[in-house]
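Here is a short tour to follow with the model open beside you.

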Amino acid sequence: QRHLAQLVGEAGESLVRLVSDVLESERLAAGRVELESLDFSPCALARGTGELFLPQAAEKGLHLTIEVDPDLPAVLCGDPARIRQVLVNLLGNAVKFTKAGTVALSLTRQRPPSGPEQATEEDPSRVAVRFAVADTGIGISPDARARLFREFSQADGSISRRYGGSGLGLAICRQLVELMGGRMGMESRPGVGSTF
């Protein structure tokens, strides 16, 4: 009975995530997502989000690391809830698709290119931060990368059967990152791992 109740609970959680992703995708498509501007600690955000995945990582024997650039300001202004939403999705995927090895979350300050044109246009109050989630998981083939950020699309058809998921997470992440004025990219090698 306990096992059956656990299966029902997991199915319910999966359904809630799917409905939530579909609703979020629709809100983004309709332009109804509003960003907040709040002061937050990038270090606390990274550590708090990463720690959510420590039990799953430990269960799989994965080493999860969190690294924050000491050059980052102690406080940034932005939408910490949306940043956390993106990181939760990326870390969840990294843990899900990694059988052995490591998952690493890193935050680094990005320096603007030097030169007279950039220096005059740069707003000194703005800070560019690179959030990266790297894993030693299954990796993604070059032909699958083109469709990876499309809605309801996954690297290959067997992924949803083997690992679950709706194929909405990365599409939502990319849209949120772009809404916040950023860019989302990835590097991957099949059998070696991925970095988002």
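## Around strand β5

Ala134 touches Thr102, Val103, Ala104, Ser194 and Thr195, not counting residues up to four places away in sequence; contact here means heavy atoms within 4.5 Å. Ala134 belongs to strand β5, where strands (E, at least two residues) and helices (H or I, at least four) are DSSP runs, numbered from the N terminus. With 24% relative accessibility, Ala134 counts as partly exposed. The scale behind that word calls a residue buried under 20% relative accessible area, exposed over 50%, and partly exposed in between (1.4 Å probe, protein chains only).

Before going further, please keep in mind that this is a predicted model, in which local features need pLDDT of at least 70 and side-chain atom pairs count only at pLDDT 80 or more, while totals for chains, interfaces and linings use all residues. Residues are numbered from 1 along each chain as its sequence is written, and side-chain values use heavy atoms, with hydrogens and water left out.

The overall inventory is 8 helices and 7 strands. Of the 196 residues in the protein, 34% are buried. Among contacts between residues at least 6 apart in sequence, 75% join residues at least 24 apart. The pairs below, given by their C-alpha atoms, let you look at some separations for yourself.

| Pair | Separation in sequence | C-alpha to C-alpha distance |
|---|---|---|
| Ala134 and Leu90 | 44 residues | 9.0 Å |
| Gly137 and Ala94 | 43 residues | 7.0 Å |
| Gly50 and Val88 | 38 residues | 8.0 Å |
| Pro70 and Thr108 | 38 residues | 8.3 Å |

## A buried charge and its glycine

Asp135 is also placed in β5, which covers residues 128–135.

A polar atom of the Asp135 side chain does lie 2.8 Å from the backbone nitrogen of Gly137. Beyond four places in sequence, Asp135 touches Ala94, Thr98, Thr102, Val103, Val192, Gly193 and Ser194.

Gly137 itself sits in the loop between β5 and α6 (142–145), and at 6% relative accessibility it counts as buried. With neighbours up to four places away set aside, Gly137 is in contact with Phe97, Thr98, Gly191, Val192 and Gly193.

## The largest nonpolar core

A nonpolar core is a set of buried Ala, Val, Leu, Ile, Met, Phe, Trp, Tyr and Cys residues joined through side-chain atoms within 4.5 Å. The largest one has 36 residues, and Val133, Met184 and Phe196 touch the most other members. At least two residues come from each of α2 (42–51), β2 (63–68), α4 (80–96), β4 (102–110) and α8 (169–179). The most come from α4, which gives 7 residues.

In α2, look for Thr49 and Gly50. Thr49 is buried at 0% relative accessibility, and Gly50 is buried at 0% too. Past four places in sequence, Thr49 is in contact with Arg84, Leu87, Val88 and Leu91, while Gly50 is in contact with Leu64, Ile66 and Leu91.

In α8, the buried residues include Gly169, Leu170, Ala171, Ile172, Cys173, Leu176 and Val177. Just after α8, Gly181 takes a positive phi of about 85°.

## Cysteines and an exposed proline

How many disulfides does a search of the whole structure find? The search finds 0 disulfides, a disulfide being a pair of cysteine sulfur atoms within 2.5 Å. Cys173 counts as buried, at 2% relative accessibility, whereas Cys43 counts as partly exposed, at 31%.

The last stop is Pro70, in the loop between β2 and β3 (76–78). At 76% relative accessibility, Pro70 counts as exposed.

Methods. Polar contact = N/O pair within 3.5 Å; in protein donor to acceptor, adjacent residues only side chain to side chain.
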